[in-house]
Amino acid sequence: MTTLTQLVLVTGMTGAGRGSAAKVLEKTGYYVIDNLPPDLLSAAVETVQKSDDIDRLAVVVDARSREFFAGLDEAIEVLRDQGVSTRILYLEAADEVLVRRQEAARRPHPLSLEGRLMDGFDRERELLRRIRGRADIVVDTTNLNVHQLGQRIHAAFQDPDSGGLRASVMSFGFKYGLPIDADMVADLRFLPNPFWVDELRPLSGLDDSVSDYVLSQPRAEEFLEQYERLVALLTDGYLREDKHFLTIAIGCTGGRHRSVAMSEAFAERLRAQGVRTLVVHRDLGRE
């Protein structure tokens, strides 16, 4: 008999990537159960704990449970009272992306009934509203490919025993909208834009010449130092509240130059402090 070190509940919107997330968790070493009614969670955990070789469990719980979904809050509290480490992963995406993915899959939405597809998504968002607020990590998959989603999931859940804070640093362009899954957002539009330097315009913040240009600007180093102090200030509080995943979004106009360079630089600072950090460049390549 083994001790279950972590239970991950995978939930979120239809078409947001729950299946892809479950596959990543399975490759990471989790035993995965798909579409389990919440009332059966305790029984599933009890069964898995009788196993000799399963110490991590991921369960996909979503709108397909229909009226049974209402029991999820109570099921989570029961498990946590029993000492089961339970994390909630919530996946979402913009409505137009969800509609396009669902139409491509040629499957009806489980809550659309006889109405429009968007009616199903509206009902689903309302059904999931409470659990989204309780989620340990929220991932917006609107602009993520399967590989990028896999990186986010793998970085967050690959080592449940190591403790400490884990961070995702995401560069983005304000012209494409704010990341809805960010815990903290920094605006780098106060720095000069390399776009207006002819030899730097076709490059990105991953190129040394752009990075050197951005990091050499007045206030750039001060920004990195102050933001590093802010994360350090928050870390103890996050961990005390059992929040282990932090998404930091760093934005500029187009998400190509300043935000990319500073995200890489800031991630290096976090890693130097012992924070396991993944960098995601959300909008790089969109222009």
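Predicted model: local features only at pLDDT ≥ 70, side-chain atom pairs only at ≥ 80, totals over all residues.

Visitor: Which residues make the contact of H2 with H3, and how do they divide by class?

Guide: From H2 the residues are Leu41, Ser42 and Val45, and in H3 they meet Leu72, Ala75, Val78 and Leu79. The contact divides into six nonpolar residues, one polar and no charged.

Visitor: What makes H8 and H9 oblique to each other?

Guide: The axes of helix H8 (residues 220-240) and helix H9 (residues 258-272) come within 10 Å and cross at roughly 45 degrees. Angles under 35 degrees count as roughly parallel and those from 65 to 115 as roughly perpendicular, while over 145 they are roughly antiparallel and the rest are oblique; H8 and H9 are therefore oblique to each other. The crossing in which H8 passes H9 is right-handed.

Visitor: Which residues of H8 and H9 meet there?

Guide: On the H8 side they are Ala220, Glu221, Phe223, Leu224, Glu225, Tyr227, Glu228 and Val231, and on the H9 side Met262, Ala265, Phe266, Arg269 and Leu270. Nine of the residues in this contact are nonpolar, none is polar and four are charged.

Visitor: Turning to the sheets, what makes E2 and E5 the edge strands of theirs?

Guide: Their sheet is open, has five strands in the order E2-E3-E1-E4-E5, and pairs in the parallel sense. Strand E2 (31-34) and strand E5 (137-140) each pair on one side only, and they are the edge strands. Neighbouring strands of this sheet are turned by 20 degrees against each other on average, direction ignored.

Visitor: How do you know that E4 and E5 pair?

Guide: Two strands pair if there are at least two bridges between them, and strand E4 (residues 86-92) is joined to E5 by four bridges, with the strands running parallel. Within this pair, Leu91 stands opposite Val139 in E5. H3 packs on this sheet, where it touches strand E1 (6-12) and E4, and its direction makes about 150 degrees with that of E4. Helix H6 (residues 146-157) lies across E1, strand E3 (56-60), E4 and E5, running at about 170 degrees to E5.

Visitor: What is the strand order of the sheet that holds E7 and E8, and how many bridges do those two strands share?

Guide: The order is E7-E8-E6-E9 in an open sheet of four strands with parallel pairing; its edge strands are strand E7 (184-187) and strand E9 (276-281), each of which pairs on one side only. E7 and strand E8 (residues 245-252) share four bridges in the parallel sense, and Asp187 stands opposite Gly251 in E8. H8 packs on the sheet, touching E7 and E8, and its direction makes about 170 degrees with that of E7.

Visitor: Why does the radius of gyration agree with that of a compact globule?

Guide: A compact globule of 287 residues would have a radius of gyration near 19 Å, and the protein has 20 Å, so the two agree. The C-alpha trace spans about 60 × 45 × 30 Å along its principal axes, and the protein contains nine helices and nine strands.

Technical notes. Residues numbered from 1 in each chain as written. Heavy atoms only, no water. Axes fitted to C-alpha atoms, helices over the stretch in contact; angles between N-to-C directions. Left-handed = near helix turned anticlockwise from the far one by under 90°. Contact = heavy atoms within 4.5 Å. Nonpolar A, V, L, I, M, F, W, Y, C, P; charged D, E, K, R; others polar. Rg over C-alpha atoms; globule rule 2.2 N^0.38 Å.
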